[in-house]
Amino acid sequence: MIKNLWKYRNLVKRLAFSDFKVRYKNSVLGFFWSLLEPLLMLLVLYIVFADIFPSTQENFHLFLLLGIALWDFFAKGTSMGLHAILSKPGMVRQVYIPREILIFSSSLTALMMAVLELVVFGIFMAISGLMPTSTIIYLPLIFIIIFILVFGFSLALGALNTYYRDVQYIWAVILQAGFFASGVFIDFSAYDADLKRTLLLNPMARILLISRDCVLYNKAVSTQDLTFCLVSALVILLVGYFIFSKLEPGFAEEV
Amino acid sequence: MDIIVAKNIWKNYKIPYEKRNTLFETLYGLLDTKMGYESFTALKDINFTVKKGEWLGVIGHNGSGKSTLLKIIAKTIRPTKGNITVNGKITSFLELGIGFQPDLTAKENIKIYGAIMGLSNTEIEKRIDGILEFGGLIRFKDTKIKNFSSGMIVRLAFSTAVQIEPEILLLDEVLAVGDLDFQKKCFEVFDRYREMDKTVVYVSHDLSTVQRFCDKVLLLNHGEQIGIGSPEEMISLYQSIV
C-alpha cells in the first residue's frame with residue numbers, strides 16, 4: 001500500500017488539493033466556512049457552558065475550541081473518507097488506480113482543513129493572551145496520530161459504504177455519540193480513576209485530554225498515553241486496511 | 001513481445017433478485033434461506049495474446065461480453081477465474097470516459113488524468129493546449145465538466161486519452177458518439193498509432209473500421225470465444241451467426 005501511495009504521490013497531491021478547492025469554491029463565503037463553522041459551534045457550546053452550566057475550567061473557551069478543532073478533524077475526516085469511493089465513480093469504473101489513493105487523499109484534505117482550524121485556534125489563543133509553552137511540540141505528533149486514525153477508519157468505512165449504503169447513517173450516529181464520549185466539552189481528568197480509565201479507552205478522548213495538557217496547561221505528555229494512542233491508531237489502520245483489501249476487488253461493480 | 005496475455009478468463013456476475021444495498025437488508029437477507037441471486041456468466045474461458053504494435057479487434061452482439069473483457073484488461077474489474085498479464089501503461093476508454101470528475105474544470109481534469117498516467121507536472125502542462133485543441137474545446141478550458149454536453153465530455157476524454165500517448169490503448173465504441181468531423185480526427189489518430197507501433201484493443205460494432213485497422217479479431221458470442229483470427233475470417237463468421 002505504501003509503495004502504491006508513493007508511486008502515485010503526484011496524483012494523491014492533486015486529488016487532495018482539488019477536493020479542498022471544490023469544497024470551498026461552491027459557496028459564497030468560500031473557505032471562511034471552514035473557519036466559521038467551528039466558531040459557531042464554539043459560540044453555542046460556550047453559551048451553554050459558560051452561562052447556563054458554568055464550568056470552572058481555566059480558559060474554558062480555548063479548552064472548547066481546541067476540542068472542537070481536533071474532533072472536527074476526526075469527524076469530518078472519517079465522513080469524507082466514507083464517501084471517498086462512492087463520490088468518484090468515474091475514477092473507480094473508468095480507470096484503474098490503486099483505490100486506497102482515493103481514501104488517502106480524502107484524509108489529506110481533512111488534514112488541510114484541520115490545519116486551517118488550528119490556525120483559527122492559534123489566533124484565539126493569541127487574543128486571549130495565552131502563549132504556547134514548549135510542551136506544544138507534542139501537537140504535531142498528536143496530529144499524526146489523528147491522521148492515522150482517520151485514514152484507518154476511512155479505509156474501512158469507505159469500503160463498507162460502497163457495499164452497504166446505510167453505513168453512512170450508522171456512522172453518523174456513532175460520531176454523534178463520540179462527540180459526547182470524547183469529552184469535547186467535558187474535562188475527563190477531573191473524574192474518578194475508574195470512570196476515567198474506562199472513558200480513556202476511547203483513543204479520541206485520550207487525544208483530546210493530552211493535547212489540552214500540552215497546548216493549554218503546559219503539561220508534558222506521558223509516553224504511556226502517547227503509546228496508547230499511537231498503538232490503537234495503528235491497530236485501527238491495520239483492521240481498516242484488512243477490510244478494505246477484502247472488499248476492494250468488487251468496487252467497480254458496486255459503485 | 002507479448003503485451004497482453006489472457007489465460008482462461010472467466011467472469012461470473014451474481015445478479016440478485018432483489019438488490020441488497022444496505023446492511024439492514026443484508027442482515028435480513030441472512031434469515032431468508034432462499035438463494036437470493038442467479039449467476040450469470042459474462043465470459044467463459046477466454047484466451048488470447050496481443051503482441052507489441054498489434055491491434056486486436058473485439059466483435060460480437062450486445063451482451064456478448066466485449067465491454068466486460070475490456071474492463072478486465074483495464075483491471076477495473078477482476079476475473080472470477082483466470083489470469084491476465086499486461087506489460088505497459090494502459091489508457092482505457094471505458095464507458096465513454098476516463099474518470100473525469102464533474103466538479104472540476106476541463107484543465108484540472110486533464111491534470112489529474114496526467115497524474116494517473118504518471119506524467120510529471122511539466123509534461124502535463126506541455127500537453128494541455130494540444131489536448132484542448134484536438135477536442136475543439138480551448139474556449140472551455142476553465143469550464144466545469146458538469147456543464148459540458150455529453151459530446152464534449154467524450155471528445156475531451158478521447159483527446160486526453162490519445163494525446164497522453166500510452167503504450168496500450170483500450171477503446172470501447174469511440175466512433176459511435178462523434179460527428180463526421182470527430183470521426184475523421186479519430187482516423188488520423190488511429191493511423192498515427194499504427195505508425196508509432198502502439199498496441200490497441202478495439203471494441204466496435206463498426207465492422208468496416210475493424211477490418212481497416214485490426215490485425216486480428218476476437219469474436220465473442222454470449223461470453224464464449226467463438227474464434228480468434230484474421231479480420232476477414234472473423235467478420236464473415238460473425239455475419240453467419242447473426
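Author: One term before we start: two residues are in contact if their C-beta atoms, placed from the backbone, lie within 7 Å. Also, this is a predicted model.
Reader: ok. Which residues is A:Leu86 in contact with, leaving aside its neighbours within four places in sequence?
Author: Those are A:Asn161, A:Thr162 and A:Val255. A:Leu86 itself is in the loop between H4 and helix H5 (89–93) of chain A.
Reader: And how far is A:Leu86 from A:Gly158, C-alpha to C-alpha?
Author: The separation is 7.8 Å, although the two are 72 residues apart along the chain.
Reader: Why is A:Leu86 called partly exposed?
Author: Because A:Leu86 has 17 other C-beta atoms within 10 Å, while buried takes 20 or more and exposed means 12 or fewer.
Reader: New topic. Is H10(A) mostly covered or uncovered?
Author: Mostly covered: 12 of the 13 residues in H10(A) are buried. Among them are A:Arg206, A:Ile207 and A:Cys214.
Reader: What covers them?
Author: The cover includes helices H4, H7, H8, H9 and H11 of chain A.
Reader: What does H10 reach from end to end?
Author: Helix H10 (residues 203–215) of chain A reaches 18 Å from its first C-alpha to its last, close to the 18 Å expected.
Reader: Now the two chains. How many residues does each give to the contact?
Author: Chain A gives 21 residues and chain B gives 26. On the chain A side, the largest share is six residues, from H2(A).
Reader: And by class?
Author: The side of chain A that touches chain B has 11 nonpolar, four polar and six charged residues.

Conventions:
Residues are numbered from 1 along each chain as its sequence is written. Chains are lettered from A and ligands numbered from 1 in the order in which they are written. This is a predicted model: local features need pLDDT of at least 70, side-chain atom pairs count only at pLDDT 80 or more; totals for chains, interfaces and linings use all residues. Helices (H or I, at least four residues) and strands (E, at least two) are DSSP runs, numbered from the N terminus. The expected span of a helix is 1.5 Å times one less than its number of residues. Ala, Val, Leu, Ile, Met, Phe, Trp, Tyr, Cys and Pro count as nonpolar, Asp, Glu, Lys and Arg as charged, and the others, Gly among them, as polar.
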